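Let's take a friendly walk through a protein model, one neighbourhood at a time. Have the sequence and the structure open beside you as you read.

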Amino acid sequence: MGTTAACLSLLSAHLVSCAAGIETKKWENNGIVSRSRTAEVMEVYFIFSRVHSDRNVYPSSGVLFVHVLEREYFKGEFPPYSMKLADVRNDPITFKTNLKGYPDRPGWLRYIQRTPYSDGVLYGSPTIENAEKTTIIEITAYNRRTYETARHTLVVNIMASNDYPLPYQAEFFVKNMNVEEMLASEVIGDFLGAVKNVWQPDRLNAINITSALDRGGRVPLPIDNMKEGVYVMVGTDVTFSSCLKEVETPQNQLKCSQEMEPSISCDKKFRAQFDIDWCKLSLVDKSKKASINNEVIRGDGVLPDDGEYEPPSTNLKSKDYYTDFVITLAIPVAVALVLFIILGYIMFCRREGVQKRDMQTPDIQLVHHSSIQKSTKELRNMSKNREAAWPLSTLPVFNPITGEIVPPLHHSDNCDTSNMPLMQTQQNHPLQTQLPQQQGAGKWQT
């Protein structure tokens with residue numbers, strides 16, 4: 001009883017210290033959970049809050065903060081249903097969280113709810129910039145069956161941590177866990193206990209938990225036992241153990257480059273519950289600080305000390321842009337004019353003419369061309385007047401034997417052409433050759 005009372009008094013001051021001889025203890029007070037598994041004086045803690053609403057929580061900067069939004073509590077918040085009736089009904093409930101007066105949460109705070117029938121979880125790690133500040137989070141619960149809402153507020157008072165950040169930090173990738181599973185107090189406690197057995201630190205903190213999807217990971221296939229994966233960062237004040245440093249050996253680095261599983265001696269301490277991807281283990285040593293030299297080395301990017309900056313005078317001289325305007329327009333116009341003159345000379349001044357073309361064309365071709373034009377003209381005229389004379393195109397233009405040009409025959413306008421045959425008889429035409437005609441049996445007459 002004395003040991004427990006001492007631990008509770010330290011918890012109220014946001015410090016966790018468990019004496020020797022305590023095998024397994026858990027305390028929950030203002031969101032702090034503590035667990036000790038060894039007989040030595042060690043500290044393993046992280047912020048864990050299960051308050052419901054309108055409550056004050058006091059997380060520390062650089063320490064994981066978890067706040068659970070329990071559906072069982074919000075079931076009785078929707079009137080006119082009583083708490084007993086809410087226990088019977090399993091209404092789907094979702095939550096929306098945001099910073100008061102803003103549409104979203106602070107940058108360090110995340111929220112996840114897998115299904116409307118599971119609890120929502122707020123988690124994150126406050127930074128040192130948020131220390132000594134009060135953050136009010138509005139929590140709105142939606143009953144998806146009745147469309148009723150209930151709103152509560154969570155006041156987050158971030159406390160400054162004297163040992164922030166812890167000098168030695170390690171980030172593990174757990175392949176067989178989702179983020180909401182890892183955020184459970186029992187699971188994260190077991191994980192910190194396994195890390196503690198491997199690392200043997202005096203102080204161990206869970207710094208942050210991040211889903212693999214937030215790091216660019218792919219959504220797993222909908223197959224049993226396929227998880228998204230979780231990155232868990234822990235910190236301590238003790239240097240890395242030899243087991244953790246085995247990942248940086250050349251042999252294990254070669255296996256990781258070949259996508260093979262490295263050989264880690266302490267993997268069996270995690271294998272029972274956690275599947276660790278040792279190739280993604282990240283070890284960060286913040287104790288090695290870069291030396292700060294107050295002397296400024298002048299070089300690229302450093303302006304020489306030339307005194308105070310003197311801005312230009314407001315009485316600036318006016319500049320004449322007329323010449324620039326003329327040059328900008330005159331050159332394109334001149335080029336276009338030259339191209340226009342060259343194109344006009346090619347199209348109009350280089351033509352041979354009709355007379356020169358006719359002189360170089362054979363007469364027979366000109367006659368054919370002329371007859372085609374005349375026939376076209378006559379056909380167009382005939383379409384207007386059906387009683388017109390025979391078209392000249394039906395008469396021969398030249399003798400097919402001698403090639404002599406023959407003038408066309410003209411018919412009188414008073415001649416009745418309605419009863420005239422379409423073709424004249426060949427025996428009466430002087431320019432037609434007579435074809436032999438057969439008379440009697442087997443005799444031909446020309």
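G120 is found in strand β7; helices (H or I, at least four residues) and strands (E, at least two) are DSSP runs, numbered from the N terminus. This is a predicted model, in which local features need pLDDT of at least 70 and side-chain atom pairs count only at pLDDT 80 or more, while totals for chains, interfaces and linings use all residues. Residues are numbered from 1 along each chain as its sequence is written, and side-chain values use heavy atoms, with hydrogens and water left out.

Back to our glycine. G120 is buried, with a relative accessible area of 0%; buried means under 20% relative accessible area, exposed means over 50%, and partly exposed lies in between (1.4 Å probe, protein chains only). Which residues does G120 touch? Leaving aside residues up to four places away in sequence, G120 touches H67, V68, L69, F95, Y111, I112 and Q113, where contact means heavy atoms within 4.5 Å. Take F95 from that list: F95 and G120 are 25 residues apart along the chain, and their C-alpha atoms are separated by 6.9 Å.

Strand β4 (residues 65-69) runs antiparallel to strand β7 (residues 120-124), and five bridges join the two; strands pair if DSSP finds at least two bridges between them. For H67, the bridge partner in β7 is L122. Five of the five residues of β4 are buried, so this strand is largely enclosed by the rest of the structure. In a regular strand the side chains alternate between the two faces of the sheet. In β4 both faces are covered, with F65, H67 and L69 buried on one side and V66 and V68 buried on the other.

Now for the aromatic rings. Rings of Phe, Tyr and Trp (its six-membered ring) pair if their centres lie within 6.5 Å; planes under 30 degrees apart count as stacked, over 60 as edge-to-face and the rest as tilted. By this rule the model has 12 aromatic pairs. Why is the pair of F191 and F270 called tilted? The ring centres of F191 and F270 are 6.1 Å apart and their planes stand at 50°, so the pair is tilted. Because F191 lies in helix α5 (residues 185-199) and F270 in helix α8 (residues 268-271), the pair ties together parts that are 79 residues apart in sequence. F270 also forms an edge-to-face pair with W278, 5.7 Å centre to centre and with 75° between the planes. Both F270 and W278 are buried, and F191 is buried too, at a relative accessible area of 0%. Ring pairs link F172, F191, F270, F274 and W278 into a cluster.

Rings can have charged neighbours as well. The charged end of R215 sits over the ring of Y231, 4.4 Å from its centre; a charge sits over a ring if NZ of Lys or CZ of Arg is within 6 Å of the ring centre and within 35 degrees of the ring normal. K280 lies over the face of F173, at 4.4 Å from the ring centre.

Our last stop is the backbone. Most residues other than glycine have a negative phi. Y147, which is not a glycine, has a positive phi of about 60°. Y147 lies in the loop between β8 (134-143) and β9 (149-157), and is exposed, with a relative accessible area of 69%. For E259, phi is near 60°, also a positive value. E259 lies in the loop between α7 (250-257) and α8, and counts as exposed at 77% relative accessibility.
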